[in-house]
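The sequence and structure come before the text.

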Amino acid sequence: MVDTDRNQNSTPPNQKPPEEQPQWRQDFPIDVPQDNYISRREFTKFLVLTSAAFTVGQFWIVYENWRRARRGQPPVAKVALISQIPVGGSMVFQYPTENEPCLLLRTGEKTFLAYSQKCTHLSCAVIPEMEKGRLACPCHHGYFAISDGHVLAGPPQRPLPRIKLEVRGDEIYATGVELRTA
Amino acid sequence: MKRQFSRPQKMTIVQGIQSIVLIIAVIQLWLITATMNSYLGGDDGVPLPAAIFSLICLGLNLGLLRFLYGLDRRTKTDD
């Protein structure tokens with residue numbers, strides 16, 4: 001026979017054995033060993049709830065991924081006239097929606113580059129530093145290369161999304177967004 | 001006949017299960033971080049396999065929790 005009450009030091013007021021006590025008294029025991037056991041069991045339950053929350057989050061990402069795939073590439077939109085932006089200059093435009101600020105950069109006579117202006121760390125607006133060949137995020141000192149948007153320094157993990165451009169005559173058009181992991 | 005455990009034995013079991021559940025939850029945390037990173041980076045092949053793996057992890061955790069609560073039920077019914 002196994003003595004299950006070896007650590008049962010206190011006696012409940014109703015004198016009944018532990019397993020006949022009301023649920024609340026079993027969940028909040030007085031004796032330390034039993035309290036340790038219950039609190040660890042409840043903490044394990046909390047961990048499993050956390051695990052369930054992570055799984056829900058994973059499926060939310062699947063749903064968002066499916067929605068993004070359904071939307072497809074954004075429409076072509078006119079960004080600026082070539083004459084509006086000097087060599088070595090930059091300008092802000094919105095693409096593909098009004099809430100998505102992007103930077104158009106003119107690095108040469110016929111070279112145009114565009115990136116999302118939102119830092120991939122915490123979405124602060126990046127500022128072009130053309131003379132240093134980089135885009136700087138003032139919030140946490142993240143730096144991206146102007147040449148291809150890859151991370152030079154700081155906390156960001158992903159390069160800036162690149163906006164695909166097309167020059168038609170003297171007009172510049174945005175034709176899509178290229179997301180990248182590295 | 002099912003085996004009946006003493007309180008110290010149950011304490012050891014709950015600590016062991018707690019450790020396994022904690023490790024699985026940490027793996028899931030890493031997985032959701034990596035999945036979010038790849039989703040934001042435009043990689044659309046990662047989220048579904050990652051979600052299935054996370055679901056398997058949740059199943060394991062639920063199984064371990066069920067076993068843990070089963071220990072108490074077993075003690076009550078056997079007594």
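## Chain contact, cores and backbone

The contact is made by 41 residues of chain B and 34 residues of chain A, where two residues are in contact if their C-beta atoms, placed from the backbone, lie within 7 Å. On the side of chain B that touches chain A, α1 (7-40) and α2 (47-78) of chain B each supply at least two residues. α1(B) gives the most to that side, with 20 residues. Helices (H or I, at least four residues) and strands (E, at least two) are DSSP runs, numbered from the N terminus. By type, the residues on this side of chain B are 22 nonpolar, 13 polar and six charged. Here Ala, Val, Leu, Ile, Met, Phe, Trp, Tyr, Cys and Pro count as nonpolar, Asp, Glu, Lys and Arg as charged, and the others, Gly among them, as polar.

This is a predicted model: local features need pLDDT of at least 70, side-chain atom pairs count only at pLDDT 80 or more, and totals for chains, interfaces and linings use all residues. Residues are numbered from 1 along each chain as its sequence is written, while chains are lettered from A and ligands numbered from 1 in the order in which they are written.

The largest nonpolar core has 17 residues, and those with the most contacts inside it include A:Cys102, A:Leu104 and A:Ile163. A nonpolar core is a set of buried Ala, Val, Leu, Ile, Met, Phe, Trp, Tyr and Cys residues joined through C-beta atoms within 7 Å. Buried means 20 or more other C-beta atoms within 10 Å of a residue's own, exposed 12 or fewer, and partly exposed in between, with C-beta atoms placed from the backbone. Two or more residues of this core come from each of β3 (101-106), β4 (112-116), β6 (134-137) and β10 (171-178) of chain A. β3(A) gives the most, with three residues. Apart from this core lies another, of 11 residues, among them A:Tyr37, A:Leu47, B:Ala25 and B:Leu68.

Leaving aside neighbours within four places in sequence, the contacts of A:Cys102 include A:Tyr95, A:Ala114 and A:Ile163. The peptide bond from A:Tyr95 to A:Pro96 is cis, with omega near 0°. A:Pro96 sits in the loop between β2 (90-94) and β3 of chain A.

Most residues other than glycine have a negative phi, and most peptide bonds are trans. Two residues of chain A with positive phi are tabulated below.
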